[in-house]
Amino acid sequence: MDSPLRVLTVPTSPYPDQRPGTNGLRRKVRVFQTRRNYLHNFIQSIFSSIDLRDRQGSTVVVGGDGRFFNQTAIEVVVQMAAANGVSDPVCVNLLNLCVHGATWCVCSHTHTHMYPRPQVGRLIVGHHGLMSTPASSCVIRKSKAIGGIILTASRHPAGPDGDFGMKFNSANGGPANDAVTNKIYQISRTIEEFAICPGLRLDLTTLGKQTFDLENKFKPFTVEIVDSVEPYANLMRNIFDFAALKELLSGENHIKIRLDAMHGVLGPYVKRILCEELGCPANSAINCVPMENFGGQHPDPNLLYAADLIDSMRDGECDFGAAFDGDGDRNIILGRHGVFVTPSDSVAVIADNIFCIPYFQHSGVRGFARSMPTSAALDRVAKATKIELYETPPGWKFFGNLMDAGRLSLCGEESFGTSADHLRERDGLWAVLAWLSILAYRRQSVEDILKDHWLKYGRNYFTRYDYDNIDIDTACEMMEDLELLIADKSFAKQRFAVEDKIYKVEKADNFEYTDPVDSTISRNQGLRIIFSDGSRIIYRLSGTCSDGATVRIYLDSYEKEHIFQDAQVVLAPLATIAVKISQLHLRTGRNGPSVIT
Ligand code: G16
């Protein structure tokens, strides 16, 4: 019999920069690789942040988007989970916490443990280390886990020179809220040691349970390797009418679709659900093999990085197209000839056609929500249907809170995220199945559905300008100056003229959100300039950069009548004003955005 694996407590020094951003900690791979214990410190901070009562007999889910460094990091997470789960009688006394097979208790090295006999905790890990972000949310909820550690930098490129990221999702399956991420950050600033079981070797290729005997532990540590595609597919079967979708995709008058998984984690889910189950031909799904470097591409489903897919649809052969990001939570929706549905319109159209989806026929619709920079197209549907509309800061955690309170059913963000309360993450494949359900029901083209929507509600023209890799100090200074400028009384009622258009400032502020469920206040969520015709300019710094700063400018303008114009033409005057007010080009030396979506 093998001897039990050793558990070590290793001294370490804190880093000052492990504050999670909009959605976890994102850094260049080389930061994780070259800074001593950078990875270990953050993992230990996550484990140490979990509330003691929540740890009893708990389950933790671990998975990632398959990018470079994913497997290395998963091995460390597992080794540290094991070590944080063995503490009797030699406890791992981090911040006075110790863990007994995931029954964690407050203790010191000397006392007699006064707690019920610990239950064995377990880890659920994705097969080959893979689990999409929405599937992780699904598995956390299904297994009643206390949370999950998801290894992803989402849409950012991968490889030795690329990005890596880690985030903690809570028991509801959604990104941890600010209270939790602040706690993780505070712990990371003072951490002195971490616990690890360095000899533990996990076989990620074999499905099923693996148990490990650990030094000083009376029960084995259990890891279960799961195929997350099946539970996720099962969830989708319970939401959508698969018979109707099958008829649409492989029946007599079937439509042709093209889905691009961009070599991210979603390929196997697309293959299993769309091809094997719903009957799409194999060649409808492209780039479906997850790769460590995403095939050298940028797995970001927007107009720039999904350009190949859009080009391939221009000939009109395909009726519907979509692409997903690295971890499978983002989506872009396209119609024949590459017609682009903005994410802001996408959620509004789904809302207006929500009863094409059986799930909502059963569960009803409790509320709609969008992030503040997302266009107000959804607001118009909410108003017409008398359904409550919430406007939150960017970040899915805000939606999760509303969903947990039973106040929200459907939500979306301009950042290519759409989802519902079936789980607590953006869900790229769900969005595609939602659109296909609408096509199955209405038997119209994407373009006609979109045009009908604008005819009914008018159109919110929307675009976002991203200025990437801006020096952080320059970006912060610009935001500070802008805030001072718009806070000045003389700014209100100011007029800006561009060619024959005149915009009168109605309101300008720094967006602040009070959570209607727990009254938590989130400040500094973006600078807004709202004009008297409802047009908006919004400035925000991205919270997901691994390096430098990205300045985002969001432009939104409503037209009741002139709904078939080119969005960039309609929004050009607002863009001119936005650049002028911020002096962005002057300050950065740029003469245009890096990406327009
Ligand atoms: C994350 C969050 C989204 C949020 C986005 C904003 O997306 O999950 O809810 O809208 O960040 O990004 P930024 O702060 O850069 O504007 P992801 O896909 O990057 O995890």
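**View 1. Polar contacts across the interface of domain 1 and domain 3.** In this predicted model, three residue pairs, both residues at pLDDT 80 or more, are in polar contact across the interface of domain 1 and domain 3. A polar contact is a pair of N or O atoms within 3.5 Å; within protein, one must be able to donate a hydrogen and the other to accept it, and residues adjacent in sequence count only if both atoms are side-chain atoms. Salt bridges between domain 1 and domain 3 number zero. That term requires a side-chain nitrogen of Lys or Arg within 4 Å of a carboxyl oxygen of Asp or Glu. Strand 2 (residues 25–28) gives the most to the side of domain 1 that touches domain 3: three residues. Strands (E, at least two residues) and helices (H or I, at least four) are DSSP runs, numbered from the N terminus.

The model is predicted: local features need pLDDT of at least 70, side-chain atom pairs count only at pLDDT 80 or more, and totals for chains, interfaces and linings use all residues. Residues are numbered from 1 along each chain as its sequence is written, and side-chain values use heavy atoms, with hydrogens and water left out.

**View 2. Area buried between domain 1 and domain 3.** About 660 Å² is buried between domain 1 and domain 3, with 36% of it on carbon and sulfur atoms. Buried area is the accessible area (1.4 Å probe) that two parts lose on being put together, summed over both. On the domain 1 side, T22, R26 and R155 lose the most area to domain 3, together 52% of what that side buries. Eleven residues of domain 1 contact eight of domain 3 (heavy atoms within 4.5 Å).

**View 3. Side chains at the ligand.** The ligand is surrounded by 18 residues, the closest being S154, E413, S542, T544 and R552 (a heavy atom within 4 Å). An N or O atom in the S154 side chain is 2.7 Å from a ligand oxygen. For the side chain of S542, the value is 2.5 Å. A polar side-chain atom of T544 lies 2.4 Å from an oxygen of the ligand.
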